[in-house]
Amino acid sequence: MKLFQQLLVAPAALGLLAPVAHAADLNIAGVSDYAAEEQVTSVTQFSDVYPTDWAYQALSNLVEQYGCVAGYPNGTFRGNRAMTRYEAAALLNACLDRITEVTDELRRLIREFETELAILRGRVDGLEARVGELEATQFSTTTKLKGQADFFMGGVTYDDRDECNDEDTTGTNAGKCTSDAFNFSYRLTLNLNTSFTGKDRLYTRLRTGNMDNVWTQTDSYLADAKKGDNTLKVDKLWYTFPIGSEFKATVGALVENYYMIETPTRYKPVLKAFKLGGYGAVLGASTGQGFGLQWRQNVDRGEPALNIATNYVADGGDGAKSDPKEGMFGENTDAYWLSQIGYGNRKWHVSALYALKNAGQHCAGIDDDGDCDAISTGAKAAMGYSTPHAKNLGHPLHAVGLRGYWQPEDSGFIPTISGGIDFGFAEGQYDGNAEAVKGWMVGLNWNDAFMDGNKLGIGFGSYSSYATEIQDEGSGSEPSFAIEGYYDFKVTDNISIKPAVFWVDNAYGKDTADGSNKLGGLVQTTFKF
C-alpha cells in the first residue's frame, strides 16, 4: 500500500474527533451527516467553501480529476459558514486512496493539513488495532453467544396443607405438599446462534441448573422450568434454512414444535400453563426429534401477511419413552403433528392450530371390568386430566385451538392482549381415559408500566387443559383455574428483577385432590450477557 494511502480515513471516523477538536472548529452534527450522504463530483457544490482560497482550488482539482469527495446533498456544510480545517483534511483523506500521482499541489495540501491528518491517522490506527484485537479474540466468525442466568427465590403455601400426607411417597399426594419452604435455585442458559450463509441458522442451547423443587413439580411449573442437577448439557439443537423467498425448513434432533410456527402470543408468563397462549391440548409438547416447513407471504414491511406451517416432533429413537423403543414413527411413540394457519403482523395476529397427538394409552393395572385397578380415581386425575403431557388421554388425541394477540400503537393504560382456547377429542381404550379436554387463557401486558422499560403482566385461565369427558365416568373433572401477576423491573439493560405471585385452584382438575389449591410467590432475577 502507498504511504499516503495509509492516511485514508473512513468519513464515519470523524465522529471520534469530538474529544480532540475544539467545538468552534468542528461541526459534530454535520460530520455524522457528511459520512452518510451520497457522493458529489464537483467541489462547486460546496457553496460555503470560499473559491478564493488556494485550498479550495487544490481540492477542486482533486475532485474534478478523481471524483472522490463525499458531502451534503444540499451542497452546504451545516454549522460554520466556512469549511473547517478538519473538514478540509477529511476531504483530502477521502481522495488519497484514489490518487495515482503525487503532485506538488498534493504535497502542499498534505503539508498544510499535516496536523489534522495526523490526528485522523492516529484515530484510525487506534480503530484498526481495536478491530484486529476483536477479530483475534472473538468467539467465532460464524457464531454469536447470548447467555442468561436466572435466580429464583420463593415458595408455595397450600390451602389444604393439613390434609396432605407428608410421609406419602407413592400415592396421589407424593411430593405434592412437602416443598413449600423457601427455595433459592438457579438456571443458566447459553444460546449459540450460528449462520453459515447469513440466512440460515443453527441453534444450540446449553442449559444447567439446580431446580429440583416446587418450581419443577407439575402443579407449580414455571415457564421453561426444568429439573437439573448442575450438569451442563445440550437441550436444544436444530437447523433452519430458507427455500426460495417465502419458505423456511427446520430439522432438529432436539426441537419443540413451537419453534417451527409463528409465535402466537405476546404474553410471557410465569406459570408454564400460560405459555404460548395456553400450554395444553394443542401446544403442550416435549423436546424430541422433528422437522417442519413454514411458508410466509411476502408483503411490504408492516403489512399483514398470511402464514402456514406444519411440523412433526417425536420422542423416538434413543429418547423414546415407549417400551420397547419404537423410533420416531412407532405406534406407541410419543409423537406430535402440529399445523398452523395465521394472518397478521407484529401488532396483531390470529391463528388456528390443529394437533394430532399420539402418546399411547397407559394403565398401571387392569381388572376384569377393564378398570385401571392399580390407580385410584384421584390418582388418575393427578396423572393427566389437567397436565400438558397427559398419559391418561385417549389415543390418539385430535386437538384444535385458536390464538391471537393485539398490541396498541403506544404504551399506556391499554394493555397488549393475548388469548387462546383449545379443545381436544379422543377415543379412550381404558376406563378413566380422558376423551375430551378443554383449556383457555388470557394474558395482559403493559409496556413501560410506571417507568420506561418496565413491564406489568397479568394472566389467568385454566391450569393447562382439563378433562370434560372421561370414559365410563361421563362428565369430566371440575375446571381448574390459575391467575398470576408480575412486575418486571429493568435495573439496567442487562439486569432485571421480576417479583411475581400466583394462585392455582383445583390444579389436578378432579374433585380437588390434596395440594390442588396453592398460593405461590417468587422473585426472579435475570442477568443477560
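# Questions and answers on a predicted model

User: Where is D315 found?

Analyst: In this predicted model, D315 sits in the loop between β7 and β8 (335-344).

User: What separates the C-alpha atoms of D315 and D334?

Analyst: They are 5.4 Å apart, although D315 and D334 are 19 residues from each other along the chain.

User: Let me step back. How many helices and strands are there in the protein chain?

Analyst: The protein chain has six helices and 18 strands. It counts 529 residues, 48% of them buried. Of its contacts with a separation of 6 or more, 66% are between residues 24 or more positions apart. The chain exposes about 25,800 Å², with carbon and sulfur atoms supplying 54% of that area.

User: What makes β1 and β2 a pair of strands?

Analyst: A pair needs at least two bridges. Twelve bridges join β1 to β2 (residues 183-194), and the two run antiparallel. One example is F152, whose bridge partner in β2 is S185.

User: How do you know that β2 also pairs with β3?

Analyst: Eight bridges join β2 to β3 (residues 201-209), and at least two are required, so they count as a pair. These strands run antiparallel, with T189 standing opposite R207 in β3. The hairpin of β2 and β3 has six residues between the strands, and G198 takes a positive phi near 95 degrees there.

User: How many bridges join β5 to β6?

Analyst: Seven bridges join β5 (residues 247-255) to β6 (residues 288-296), and the strands run antiparallel. Here V251 has F291 as its bridge partner in β6. On to β7 (residues 305-314): it pairs with β6 over eight bridges, again in the antiparallel sense. T310 in β7 is the bridge partner of L293.

User: What makes the contact of D235 and R205 a salt bridge?

Analyst: Their side chains meet at 2.9 Å, N to O. The limit is 4 Å, so the pair counts as a salt bridge.

User: Why is E262 called partly exposed?

Analyst: Its relative accessible area is 25%.

User: What are the closest N and O atoms of R403 and D422 apart, in Å?

Analyst: They are 2.8 Å apart, and the two residues form a salt bridge. R403 is in β10 (residues 397-406) and D422 in β11 (residues 416-426), so the pair ties together parts that are 19 residues apart in sequence. Both residues are buried. A search of the whole structure finds seven salt bridges.

User: Which residues touch the most other members in the largest nonpolar core?

Analyst: They are W215, L222, L271, F274, F502, V504 and L522, out of 22 residues in that core. Strands β1 (143-158), β16 (481-490) and β17 (495-505) each supply at least two of its residues. Leaving aside neighbours within four places in sequence, the contacts of F502 include V156, W215, L271, I483 and L522. A second, separate core has 20 residues, among them V282, Y336, L338 and L397.

User: Which residues form a nonpolar patch on the surface?

Analyst: F450, M451, F489, V491 and I497 do, with about 490 Å² of accessible area together. V491 is placed in the loop between β16 and β17.

Methods: Residues numbered from 1 in each chain as written. Predicted model: local features only at pLDDT ≥ 70, side-chain atom pairs only at ≥ 80, totals over all residues. Heavy atoms only, no water. Core = buried A, V, L, I, M, F, W, Y, C linked by side-chain atoms within 4.5 Å. Buried < 20%, exposed > 50% of the residue type's maximum accessible area, 1.4 Å probe, protein only. Helix = DSSP H or I, 4+ residues; strand = E, 2+ residues; numbered from the N terminus. Contact = heavy atoms within 4.5 Å. Patch = residues over 30% accessible without salt bridge, like charges linked within 9 Å, V, L, I, M, F, W, Y side chains within 5 Å. Areas by Shrake-Rupley, 256 points an atom, 1.4 Å probe, with all protein chains shown as cover.
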